[in-house]
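These are my notebook entries on a structure that I examined chain by chain. I record what I looked up and what was found.

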4 protein chains.
Amino acid sequence: MKIAFIGLGNMGLPMAKNLIKANFEVIGFDINTKAMDELQLSGGQTANTIAKVVAQVDVVITMLPASQHVENSYLATEGILNSVQPNTLLIDCSTIAPESAKKVADQANQRGFQMLDAPVSGGTAGAINGTLTFMVGGSKEILNQCMSLFQKMGKNIYHAGPNGCGQTVKVCNNMLLGILMLGTSEALKLGIANGMDPKILSEIMSKSSGRNWALEVYNPCPNVMDNTPASNQYQGGFGVDLMLKDLGLATENAMSVGASIPLGELARNMFNLHSKSGNGKLDFSSIFNLLP
Amino acid sequence: MKIAFIGLGNMGLPMAKNLIKANFEVIGFDINTKAMDELQLSGGQTANTIAKVVAQVDVVITMLPASQHVENSYLATEGILNSVQPNTLLIDCSTIAPESAKKVADQANQRGFQMLDAPVSGGTAGAINGTLTFMVGGSKEILNQCMSLFQKMGKNIYHAGPNGCGQTVKVCNNMLLGILMLGTSEALKLGIANGMDPKILSEIMSKSSGRNWALEVYNPCPNVMDNTPASNQYQGGFGVDLMLKDLGLATENAMSVGASIPLGELARNMFNLHSKSGNGKLDFSSIFNLLP
Amino acid sequence: MKIAFIGLGNMGLPMAKNLIKANFEVIGFDINTKAMDELQLSGGQTANTIAKVVAQVDVVITMLPASQHVENSYLATEGILNSVQPNTLLIDCSTIAPESAKKVADQANQRGFQMLDAPVSGGTAGAINGTLTFMVGGSKEILNQCMSLFQKMGKNIYHAGPNGCGQTVKVCNNMLLGILMLGTSEALKLGIANGMDPKILSEIMSKSSGRNWALEVYNPCPNVMDNTPASNQYQGGFGVDLMLKDLGLATENAMSVGASIPLGELARNMFNLHSKSGNGKLDFSSIFNLLP
Amino acid sequence: MKIAFIGLGNMGLPMAKNLIKANFEVIGFDINTKAMDELQLSGGQTANTIAKVVAQVDVVITMLPASQHVENSYLATEGILNSVQPNTLLIDCSTIAPESAKKVADQANQRGFQMLDAPVSGGTAGAINGTLTFMVGGSKEILNQCMSLFQKMGKNIYHAGPNGCGQTVKVCNNMLLGILMLGTSEALKLGIANGMDPKILSEIMSKSSGRNWALEVYNPCPNVMDNTPASNQYQGGFGVDLMLKDLGLATENAMSVGASIPLGELARNMFNLHSKSGNGKLDFSSIFNLLP
């Protein structure tokens, strides 16, 4: 099976390498030629246009920064839909707007192609270790047929529903995560201001109804847990600006479908204040420090 | 051991009954005489003033609606501190302001009494079944000495720190719970507006970083989980007005200690809108219905 | 002087009629043929494509619902930029995203055309009576040259800065208006809940630092002022859904320029709750009724 | 006419001096003896307890920091109600909770005294120059009888309704002012981020529906207006911490009457973030700088 991989960034490159390691034939493309050089060193091929890369493959995987890049790559005159052979399977792993995912999939379907939207979570560590989580929108049968391909890059592969549902799950989950992180920070800071030990407070809430992923796994208060970004000067992890991007996607999506997300949009504004004060590259749990 | 129990409401009465069942000698008081009649039917004694009830006991337990009731009961001229014998242990199980708990405990300590603030979670079902969670502020030694007493009323008994810390944990946890419930509702409604099945969305988020108690245990969307208030017309459970009271305690506390709780106060306003539209007696997960 | 008028809706049609009354030669287009019939009855001409309408005119005015309509009308293959004669002046009176206004103006400028973005306020009454306010972005000289044209449709014509600034002023002003209306409603409802007469409260605040347009001119409380929508069951005026659209533009714009608008986005969510409860067609001051 | 003046701080002392200048006989009290010395230098008398100060006067005026000070001064065993002669008129000019004002006035009325709650706006400059605004709750007849007394200290004297209404107007107005200032800052920062000149943006919005006191009189953007704190490094004026106190009063009041003030409480949180970052003593228009 031959796979075209478009977008060889911090996430895409290690994903492509894991496919090479699993003995897939991989041909890659990125506007950054260094990334293409690195793919070659790992045993992959490259070509200098999207059209050439996707021309002779069984599967196209894209991993791009934002909606417009995905739309351009698939829909442009020299883009993927106009360049692939019939029966090529199309998989977009980018995190983009659900509307955009549906639009591209509709175009693909009309041209007779099967497409999956399959955004990931798990960060660069997950990409390198092949332990990503995939949330997949599109045909369940198609997903089952290529399950072994996904399993070379990830550990948990969920079918979320028809096209667009992969992106929808990602948007909803990450908006909720932003709320959990800010809400947990508010609770911990409130406790500390009352003289509580944040470690004890975290332990009791973790066994109570305040229990949540941010509190238990990724505690935003320094020295409450080992091995968290909070206990390492908020280095590494998932950056403030990435969370801000995802809260922006949630806000745009809420506007387009007529939903109200009052906590989600307030969290967006708080992460934006935090980012614009010079903290955009810190781990997103550093929102703890925005609060007095 | 003889125990005075002040406050025989929906929570206090079943807690007192559990102590009677465990062969403690219990003498109770409530301004509602029917509650006192019911305690007598269960084998308890009563008296018609707080002063008489607490005069000859080893332990006083109070379970009252709000800060002012607790302050009055302990600090009034005919109140508990002026009526008990030396060495009586004082335990307040009400949910009140941490500042108020500290104030009463300070007065008790100055008079030579040991006091614990020990608010509970678990609702009326927990009170009846003896499965409450206690969050206890005060001396750890004293708590350990009377642990068996708590274990007749509850299952999990946590020591939170010095006096006031029991209330602080309760306030922080329940504020966070209010945020979790509204945030989870926002995420689920956003997904539904995009065409997602809320059951699938809940399953995937429960295994991802959006994981939290409200989503996993107490899902606010009807028919996602069996045995939730949401799947039973939002009957039973923990009422909107109780959550509103706790978010009010968090807001007051934040103001008194100088903390910022932007999500917490926004949640308070949303639960207030919901309550004032006639939903105060529904389960608090019905906040799901406030969102379009 | 011959004018092409594209978009003959509730605002565009009366604006075009005012130009005809002032003896301009007007040729109009709308996808709704009834609107074109009505323009003809008023003495205007019509044609059945945008290309034909704009082919032989001195000025093109567009008044369209949203960014994508404006972009399509100007930039499509059969659109305005490809169909007008050299030296035709282009004026867009739609309320759209500042980014979109800049994009279209950039394309027009590159093709040698002068363009103004000139959104209006004043509603359908202002359009009919020729008393609109115009906020204009683009060259000040060009604006001065065609000032008499604007003065046939409006009363106050402000130059806001280079292209896009007309839309920016509109977005900023209307976001602030949404905040003023909700904030004023909160203050009045708080006063009423304390037993205040809202008329006296409004009078005193109007002479104090709480003074603002919503309070003084457009009071949201019924029967505080005559001739307000609030005193007429919230009929007429500026609809909830129009305010919601403008708060959505502000939110999109804030995300695109990296700004934080916490009150603006919270107002957006509250107007959305109100709209989705079935109040979208009421005047926007009815947000007063969302509050308990 | 002899007047007792309790509370000789930044506001109380110049108010008392203005009464002395107008030939009233003034006897003052403050826990700060320096303030009492200064009153003596200005021609006033003093005594070393509240009971002595109020014993032989026609009118008592109090100007104290917060609700608890007012309640203590009036209701304590050695307090005002127990120390004044029959027919003494009681006027509280402090800014306190409406509930607290009603409670003290109820006690006074039950003891046969007339009382007015009469909080002020206008700051220390208004106190010194005798140009304060008074918002008065209580009997209109009583207010009219002592109007000339108020006119020695202020310029605009409004009757707001029965007891408590003076405080209610103050709370509502200042909450609205906090919203206006933050909302205006959001609009101006959004415009600036789009490349607008804030002076032009302010001018146009001041003539449009975004018009409000903060924008027109007290513009938060430096160098848009002369003679504003914003154009003087946010020195002088009305401090962030005073606005924070008033937003706290609004929040407490909203909770006690069951009102929802979503924008008001969000503004409170933003001013708190700003204060705790070290800006508490700056003018409150410096909230402009919290936004990116």
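**Entry 1. Conventions and symmetry**

I superposed copies by least squares on the C-alpha atoms of residues with pLDDT of at least 70 in both. The model is a predicted one, in which local features need pLDDT of at least 70 and side-chain atom pairs count only at pLDDT 80 or more, while totals for chains, interfaces and linings use all residues. Residues are numbered from 1 along each chain as its sequence is written, and chains are lettered from A and ligands numbered from 1 in the order in which they are written.

Chain A superposes on chain B by a rotation of 180 degrees with 0.0 Å of shift along its axis, at an RMSD of 0.1 Å. I then asked which residue of chain A comes closest to the rotation axis. I found A:Asn212, whose C-alpha lies at 2.0 Å.

Of the contact residues of chain B, 100% recur in chain D, the same surface serving both copies.

**Entry 2. Chain A against chain B**

I list elements as DSSP runs numbered from the N terminus: helices (H or I) of at least four residues and strands (E) of at least two.

I sorted the residues by class, with Ala, Val, Leu, Ile, Met, Phe, Trp, Tyr, Cys and Pro as nonpolar, Asp, Glu, Lys and Arg as charged, and the others, Gly among them, as polar.

**Entry 3. Chain B against chain D**

This contact takes 13 residues from each of chain B and chain D. Helix H13 (240-257) and helix H14 (262-279) of chain B each supply at least two residues of the chain B side. H14(B) gives the most, with 7 residues. By class I recorded 5 nonpolar, 6 polar and 2 charged residues on the chain B side.

**Entry 4. Strand E4 of chain A**

I called a residue buried if 20 or more other C-beta atoms, placed from the backbone, lie within 10 Å of its own. In strand E4 (residues 59-62) of chain A, both faces are covered: A:Val59 and A:Ile61 are buried on one side, A:Val60 and A:Thr62 on the other. Strand E1 (residues 2-6) of chain A runs parallel to E4(A) and is joined to it by 4 bridges. A:Ile6 has A:Thr62 as its bridge partner in E4(A). Another 4 bridges join E4(A) to strand E5 (residues 89-92) of chain A, also in parallel. There, A:Val59 has A:Leu89 as its bridge partner.

**Entry 5. Helix H12 of chain D**

D:Gly258 follows H12(D) and has a positive phi, near 80 degrees.

Technical notes
Buried ≥ 20, exposed ≤ 12 C-beta atoms within 10 Å, placed from the backbone. Pairing = 2+ DSSP bridges. Contact = placed C-beta atoms within 7 Å.
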